[in-house]
Amino acid sequence: MKFRDGYWGLKKGVFLRNPVELRDTSIGKSCLTLYSATRKVEHRGATLNSPLLTTEISSPFKDVIHIRTTHFKGIRERGPSFPLDEGNSDDVIIEDDGAMVSFASGELKVSLDRQAPAWELRFTRNGEYLTRAMGRQGGHMTVETPHYQGYAPEEGETFMCEYLGLSVGETVYGLGERFTHFVKNGQSVDIWNADGGTASEQTYKNIPFYLSSRGYGVLVNDPGRVQFEAGSEVVSAVQFSVPGEVMDYYVIGGESLKEVLENYTRLSGKPALPPAWSFGLWLTTSFTTSYDEKTVTSFIDGMKERDIPLHVFHFDCFWMKEYRWVDFEWDRDQFPDPEGMLGRLKARGLGICVWINPYIAQKSPLFDEGMEKGYLVMTPEGHVWQWDKWQAGMGLVDFTNPAAVKWYRDKLRVLIRQGVDTFKTDFGERIPTNVVWSDGSDPQKMHNYYTYLYNKTVFDLLEEELGKNRALVFARSATVGGQKFPVHWGGDCAATYESMAETLRGGLSLALSGFGFWSHDISGFELTASPDLYKRWIAFGTFSSHSRLHGNESYRVPWNFDDESSDVLRFFTKLKCTLMPYIYAQAVKTHNTGIPMMRPMILEEGDDPSCAGLDRQYYFGDSLLVAPLFSETGEITYYLPAGEWTNFLTGERFTGSRWIKEKHNYFSLPVMVKDNTVIITGAVEDVPSYDYGDGATVQIFGLQEGYTAEAVLCDSDGKQAARFSAERKNGKITVTRSESSSPKPWKVLLRTEKNRLTEVPGNRDSIDLSL
């Protein structure tokens with residue numbers, strides 16, 4: 001929200017009370033409190049008739065500083081609030097020497113110089129400047145409304161506003177799954193979940209957290225409508241504002257951008273570890289297509305006949321009867337024996353997913369039940385809230401009511417025990433604000449927060465029924481903390497190269513917002529892709545954490561496009577299965593650290609200025625640089641950072657620090673590995689979950705004299721099963737397996753022009769290779 005008229009003035013009807021003079025401090029064991037007058041106090045009379053802003057500074061843990069500034073503290077706070085790690089750390093240093101007051105947590109420090117010409121909070125790490133809260137611009141805002149116009153400014157709509165400085169060349173990222181420009185400088189961003197597709201400023205996943213290229217992050221701790229002006233109001237600042245009387249935010253530091261994300265996800269939650277089977281290929285019924293068990297079986301048979309591995313089948317909305325979403329009952333006209341059908345599908349090794357949403361259509365028997373028992377959201381007049389958008393006369397489950405949560409979970413429990421493995425938790429963005437919640441929550445804050453309760457309800461049930469590391473959802477909406485309930489997908493993109501690019505852009509922005517696992521509808525949801533686009537999107541989908549074929553009005557089976565599409569899908573699906581030892585080890589790392597699987601270039605190559613704005617290539621885990629193709633010509637221009645590189649698919653060698661222009665067929669794309677890297681691949685190409693150590697191949701890329709490279713092998717339960725290291729010394733490479741839980745035969749592949757392969761018996765844990 002813009003408050004200013006240019007730089008010097010304020011818009012008509014806007015009144016600012018900003019911190020001007022520090023009048024007092026209070027130092028506790030783990031908290032520093034600042035009391036700041038909003039005008040210069042030159043005599044006692046100046047202490048009257050003006051605000052005193054209270055800023056509390058604390059730290060939940062090392063390298064994170066919590067800032068909370070209050071105007072009126074007597075306003076009753078209504079939930080919800082983000083479930084953060086909000087404990088107060090005693091491991092802080094608070095100092096006040098009369099001229100300077102400061103608060104330090106780890107290497108992160110905030111200070112205020114009483115003698116400076118203007119009030120400002122200055123943030124540094126290891127003595128290096130990060131940003132500053134600009135006191136002349138931020139503070140308490142009152143905006144006259146038509147009702148109050150002409151009255152005292154206290155009677156308008158109130159906001160708290162902060163301006164954090166931007167340095168020369170500083171770029172900011174994140175703020176959720178945003179499909180606009182990857183670098184957020186110059187953008188106005190409204191944190192308000194919306195069902196707006198992938199081609200506008202609206203998004204399903206709004207996260208009030210941004211990451212700065214200077215090595216810090218900022219989380220605004222408010223689930224409601226937070227509005228950001230990222231250099232779009234004052235060009236040298238990120239401004240953010242919230243309605244009300246309190247501004248609450250965290251400044252998060254770290255040695256690198258990765259460590260900033262680690263600290264952020266420590267604060268807001270690490271992602272759960274999805275089961276290994278979920279990383280395979282998903283196929284769906286599509287949305288508005290016609291389908292029954294015969295259709296489903298024909299798809300699965302068709303994939304088997306073409307030797308295309310398939311691992312998950314998803315039933316979209318019409319597994320239930322029309323006008324009844326949701327009633328959680330199979331449409332018996334189309335699926336007369338659902339239990340038998342699910343048993344037959346699971347006997348073929350398939351995971352089963354079904355579509356759900358949190359809305360209850362009026363025709364659903366659950367509507368009357370929910371209305372009678374008070375499980376649906378109500379209006380202030382005491383009626384059940386309803387509208388006709390999406391489902392006729394639908395209501396909304398009130399997940400603030402524990403009884404409603406149990407009711408909803410019990411309906412899903414029946415499906416899990418029928419054989420359903422996971423749920424596509426669709427929607428959760430269209431949440432009304434003219435309603436009353438069971439627990440008295442603030443409707444404005446519940447609009448964004450609802451998705452957290454919805455997905456938590458479903459995820460917790462799956463974990464309860466299936467076990468830890470066995471649960472996942474396929475969610476569209478999210479807020480802060482939603483990353484704890486993976487997986488999330490990019491929503492309703494279209495079958496165009498432009499939409500494919502905006503989808504990747506959104507996924508990379510979400511990755512820098514703390515989300516570790518992400519997917520998208522291969523070939524686009526809306527429209528039907530050309531065979532060319534379908535095949536290019538398959539390659540992109542393979543190098544995403546989760547890979548799903550899904551659409552709206554047409555089936556996404558490859559033979560509906562052209563014969564080569566089946567060949568391309570077979571090739572990349574088998575490739576992903578053989579890459580599972582690498583992929584799942586990266587997934588475990590994401591689970592433990594919060595560092596996403598799909599990483600924007602800025603996250604891995606932060607010291608290379610050429611990488612600051614790259615949004616059409618990314619790292620897939622630690623070691624694979626991937627550049628999807630976005631052109632029907634098969635031509636691509638991509639950037640290789642410094643170093644020597646090998647194309648994982650072709651073996652071709654490249655020198656980095658330059659742009660590369662190439663042309664690729666449908667079975668290829670840039671998948672680049674830097675020298676001094678070890679990647680472990682598996683011996684199985686038809687399923688994603690297997691004994692990764694049995695017949696594993698240790699692939700060694702460009703190991704240079706004096707270097708050691710390592711890779712970890714995890715089992716399909718996420719536990720470390722072995723560690724492999726390769727050391728080159730005196731013209732010899734020694735490859736060692738250690739910490740192995742069950743020794744099996746393995747191989748070593750030196751990725752050179754001749755690709756030298758050596759087999760190693762299971763009883764040997766080391767081998768020397770002469771060069």
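Leaving aside its neighbours within four places in sequence, with which residues is Phe423 in contact? Phe423 touches Cys353, Val354, Ile356, Leu412, Leu415, Ile416, Val458, Leu462, Leu472, Val473 and Phe474, where contact means heavy atoms within 4.5 Å.

This is a predicted model, in which local features need pLDDT of at least 70 and side-chain atom pairs count only at pLDDT 80 or more, while totals for chains, interfaces and linings use all residues. Residues are numbered from 1 along each chain as its sequence is written, and side-chain values use heavy atoms, with hydrogens and water left out.

**The chain as a whole**

The protein chain has 11 helices and 47 strands, both being DSSP runs numbered from the N terminus (helices H or I with at least four residues, strands E with at least two). Its C-alpha trace spans about 85 × 75 × 50 Å along the principal axes. The radius of gyration of the protein chain is 28 Å, which agrees with the value near 28 Å that a compact globule of 771 residues would have; this radius is taken over C-alpha atoms, and the globule rule is 2.2 Å times the number of residues to the power 0.38. Of the contacts in the protein chain with a separation of 6 or more, 67% are accounted for by residues 24 or more positions apart. Of the 771 residues, 62% count as buried (under 20% relative accessible area, with exposed over 50% and partly exposed in between, for a 1.4 Å probe and protein chains only).

**Nonpolar cores**

A nonpolar core is a set of buried Ala, Val, Leu, Ile, Met, Phe, Trp, Tyr and Cys residues joined through side-chain atoms within 4.5 Å. The largest such core holds 191 residues, of which Phe315, Phe423, Phe543, Leu624, Ile700 and Val735 touch the most other members. H6 gives the most to this core, with 10 residues. Apart from it lies another core, of 38 residues, with Leu112, Leu130, Tyr210 and Val218 among them.

**Pocket and cavities**

On a 1 Å grid over the protein atoms alone, a cavity is a set of points where a 1.4 Å probe fits but cannot get out, whereas a pocket is an open set with protein on both sides within 12 Å along at least five of seven lines, and lining residues have an atom within 4 Å of a point. Grid points are joined across faces, edges and corners, and a volume is the space filled by probe spheres set on the points.

The largest pocket contains about 910 Å³ of space. It is lined by 36 residues, and Glu77, Asp222, Pro243, Val246 and Lys445 are the closest to its centre. At least two lining residues come from each of strands E6 (52-58), E7 (64-70), E14 (157-165), E20 (237-243) and E21 (246-252) and from helix H6 (443-466).

A search of the whole structure finds three cavities of 30 Å³ or more. E6, E7 and E14 are the elements that give two or more residues to the lining of the largest cavity, and E14 gives the most, with three residues. For the second largest cavity, helix H8 (531-542) and helix H9 (563-578) each supply at least two lining residues, and H9 gives the most, with five.

| Cavity | Volume | Lining | Nearest the centre |
|---|---|---|---|
| Largest cavity | about 130 Å³ | 16 residues | Pro19, Thr69, Trp119, Gly139, Glu162 |
| Second largest cavity | about 80 Å³ | 13 residues | Leu281, Thr542, Ser547, Thr573, Lys576 |
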